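Work through the exercises below with the sequence and the model open. Each task is followed by a solution in steps.

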Amino acid sequence: MLQINARLAIPEEELRESFVRASGPGGQNVNKVSSAVRLAFDVAASPSLPEGVKQRLARLAGRRLGQDGVLVIAAQRFRSLEQNRQDARARLLEMLREAAIPPTPRIATRVSRNQKRKRVEEKRHAAGIKRLRGRPGED
């Protein structure tokens, strides 16, 4: 179980891991051992997530979410397969926790009468200063 918060969890059966050869440091081992992890999670078909969380997750995932609704996270930061596995799961968990937080609704506010009066006075003052910049009139 991948525990997102107190009410949301994803069973292990919904996660698919595949292991591929990583690029980067590793010496001769890099050509022999598949230490990079590709973690796939089918967001669209997941019965564990509510619709709102799925939509926010799709927006957060960006290009990591394919046309078929599968979120793919690639982890190859470490030389160790187990560390890369933990890294991929941690990144997925972080993304899911962020998507699980509903957005706070905006509360409409009004501009006070005093603020409107101040704004008009400041505009009048600025206009007066600009008027004095012109050529002097014939007095």
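The model is predicted, so local features need pLDDT of at least 70 and side-chain atom pairs count only at pLDDT 80 or more, while totals for chains, interfaces and linings use all residues. Residues are numbered from 1 along each chain as its sequence is written, and side-chain values use heavy atoms, with hydrogens and water left out.

**Exercise 1.** Find the salt-bridge partner of Arg 89 and state which elements the pair ties together.

Solution. A salt bridge is a side-chain nitrogen of Lys or Arg within 4 Å of a carboxyl oxygen of Asp or Glu. Arg 89 pairs with Glu 17, with the closest N and O atoms 3.3 Å apart. Arg 89 lies in helix H2 and Glu 17 in strand S3 (residues 15-20), so the bridge ties together parts 72 residues apart in sequence. Helices (H or I, at least four residues) and strands (E, at least two) are DSSP runs, numbered from the N terminus.

**Exercise 2.** Classify Arg 89 and Glu 17 as buried, partly exposed or exposed.

Solution. Buried means under 20% relative accessible area, exposed over 50%, and partly exposed in between (1.4 Å probe, protein chains only). Arg 89, at 18%, is buried. Glu 17, at 26%, is partly exposed.

**Exercise 3.** What does the side chain of Asn 84 reach?

Solution. Asn 84 is in helix H2 (residues 81-100). Its relative accessibility is 0%, so Asn 84 counts as buried. The side chain of Asn 84 reaches the backbone oxygen of Phe 78 at 2.8 Å.

Note on methods. Polar contact = N/O pair within 3.5 Å; in protein donor to acceptor, adjacent residues only side chain to side chain.
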